[in-house]
Amino acid sequence: MHFLKLRLLNSIHICKTIRSLKQIHAQLIASSLLHDEFVLSKVSEFFGKHIGFVDYAFDFLNQTDLHVGTLPYNTLIAAYASSGTPKAAFLVYGRIVGNGFVPDMFTFPVVLKACTKFLGVQEGEQVHGVAVKMGFSCDLYVQNSLLHFYSVCGKWGGAGRVFDEMLVRDVVSWTGLISGYVRTGLFDEAINLFLKMDVVPNVATFVSVLVACGRMGYLSMGKGVHGLVYKRAFGIGLVVGNALMDMYVKCECLCEARKLFDELPDRDIVSWTSIISGLVQCKQPKDALELFYDMQISGVEPDRIILTSVLSACASLGALDYGRWVHEYIERQGIEWDIHIGTALVDMYAKCGCIEMALHIFNGIPNRNIFTWNALLGGLAMHGHGHEALKHFELMIGAGIRPNEVTFLAILTACCHSGLVAEGRSYFYQMISQPFTFSPRLEHYGCMIDLLCRAGLLDEAYEFIRNMPLPPDVLIWGALLSACKANGNVELSQEILSHLLELKSQDSGVYVLLSNIYATNERWDDVTRVRRLMKDKGIRKFPGSSVIEVDGEAHEFLVGDTSHSRNEDIHILLNILANQVYLEGHFSTC
């Protein structure tokens with residue numbers, strides 16, 4: 001009998017079809033092994049892997065003795081709960097209970113796991129009620145399962161009641177509620193609960209609270225958690241290291257994030273994605289591309305998320321060749337497009353001036369969202385395709401997509417770069433009127449003022465500034481100053497100076513511009529006064545810079561900078577070009 005049992009167990013293990021199982025079923029009946037709990041649990045595992053045999057599984061279990069134990073039934077429910085169709089686990093549970101099965105403390109957690117996976121609130125509440133009636137509501141394992149179920153389903157009343165009723169709470173209990181708060185965006189509640197913990201946190205606890213700190217920008221709290229992690233015996237592993245790095249990135253503390261990244265003994269795709277995405281978000285696209293190159297050398301394969309960030313970096317730098325390489329890589333590797341990659345490609349090509357390619361990709365995206373439209377409109381606006389931008393804005397409205405503040409900023413920019421004054425006025429008032437009623441930000445006012453200034457409407461621009469509900473910043477005054485210089489309006493420049501004195505900005509540009517206006521009109525005393533003002537305020541003129549892409553690598557140059565590795569070769573070539581220009585007569589006498 002022992003040999004037969006081993007042979008049948010092996011047959012169940014390698015069984016692939018229902019026909020083979022029926023043959024095994026017959027041998028189990030003939031050998032009286034149909035009532036062996038261990039054998040039945042192995043058959044239940046088979047049924048759990050083959051969701052299509054649910055009816056046969058019921059018939060099979062009906063032939064068994066319910067007194068054999070709960071293991072086979074719990075195994076079947078657990079297998080279905082872990083499958084791609086978790087609702088089947090609840091259906092199986094209901095059916096076998098109807099046939100006389102009595103659940104135990106191991107049954108409820110697996111059924112609740114299934115309810116959690118398909119967000120079956122009513123089903124889970126039914127299971128909760130049965131657990132209470134059967135006296136299992138005080139079992140820690142069942143309570144933690146209930147806590148997890150209510151937290152994931154966003155039922156904070158139920159989760160709070162279960163948590164408050166727990167006489168004993170372990171780290172799983174605390175972490176379950178904390179992670180549930182984080183999952184549904186209740187970050188402050190998660191942090192407050194963490195501060196009340198009376199047990200030692202585990203890795204999952206630290207990860208959850210670090211996510212909350214990052215989302216809320218609580219750098220000090222995040223650093224405190226970092227210190228607690230160091231005190232624990234498990235140290236900083238990959239999972240906690242990634243969470244810490246993400247927290248520092250979200251808090252825009254890139255130095256600490258990069259230090260953590262460099263100290264990680266092992267890095268996965270999450271590590272690389274976190275630091276590269278952080279560099280892009282914090283306006284350091286050149287560093288992001290350099291790190292992406294290091295990632296490729298390390299042998300880590302990029303995924304869609306990191307490629308989207310890299311495309312954003314290319315868009316910021318205007319690195320067209322690099323962006324094209326990423327596009328080709330996506331096609332070559334057969335990476336499936338989603339709305340994020342499509343939008344990033346539209347944004348990259350549009351900002352790099354390849355409007356036709358941007359439109360081609362845009363037209364090939366079946367389900368465009370507002371971010372896709374904004375990427376196209378922003379690119380059209382940037383490169384002076386004002387009428388095309390306005391045309392696509394109307395197409396977007398016709399498609400039922402509601403614009404947001406970024407959309408209107410792109411449209412106002414398009415009007416500004418194309419000199420469409422009447423259209424700009426119209427869209428600005430459309431933005432603040434029904435049905436949109438957006439409150440304009442400083443950027444929107446800046447676009448309108450720039451539009452009026454470019455059209456030479458200085459008085460209207462100045463009046464527009466005076467009527468703004470927001471205090472104008474140095475960029476707005478700078479736009480008006482530029483117009484004053486272009487139109488020779490020294491008197492208005494004098495008024496602007498009084499407003500500049502009220503600002504605490506360290507931007508040197510407006511002061512230099514004002515000084516140049518005075519110099520053009522030979523008002524040397526005023527020039528001296530502005531320069532002295534800059535000195536008293538400690539304002540220094542920062543050197544200009546430019547970025548050029550060569551062979552997919554971005555090179556940045558500052559005025560007077562000689563640190564580039566090929567500085568000597570660059571100057572030799574510049575001298576050759578300058579001599580060539582001189583010899584051909586293309587030189588200025590100014």
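Met 348 touches Leu 311, Cys 314, Ala 315, Leu 320, Gly 323 and Arg 324, leaving out residues up to four places away in sequence; contact means heavy atoms within 4.5 Å. This is a predicted model, in which local features need pLDDT of at least 70 and side-chain atom pairs count only at pLDDT 80 or more, while totals for chains, interfaces and linings use all residues. Residues are numbered from 1 along each chain as its sequence is written, and side-chain values use heavy atoms, without hydrogens and water.

Met 348 is also among the residues with the most contacts inside the largest nonpolar core, together with Ile 276 and Leu 480. That core has 151 residues. A nonpolar core is a set of buried Ala, Val, Leu, Ile, Met, Phe, Trp, Tyr and Cys residues joined through side-chain atoms within 4.5 Å, and buried means under 20% relative accessible area with a 1.4 Å probe, protein chains only. Its largest share, 8 residues, comes from helix H19 (residues 304-317); helices are DSSP runs of H or I with at least four residues, numbered from the N terminus.

Gln 143 lies in helix H9 (residues 140-152). Gln 143 counts as buried because its relative accessibility is 6%. Beyond its neighbours within four places in sequence, Gln 143 is in contact with Ser 137, Cys 138, Val 162, Glu 165 and Met 166.

The contact between helices H24 and H26 is made by these residues.

| Helix | Contact residues |
|---|---|
| H24 | Leu 390, Phe 393 and Glu 394 |
| H26 | Glu 423, Tyr 427 and Gln 430 |

Methods:
Helices (H or I, at least four residues) and strands (E, at least two) are DSSP runs, numbered from the N terminus. Buried means under 20% relative accessible area, exposed over 50%, partly exposed in between (1.4 Å probe, protein chains only).
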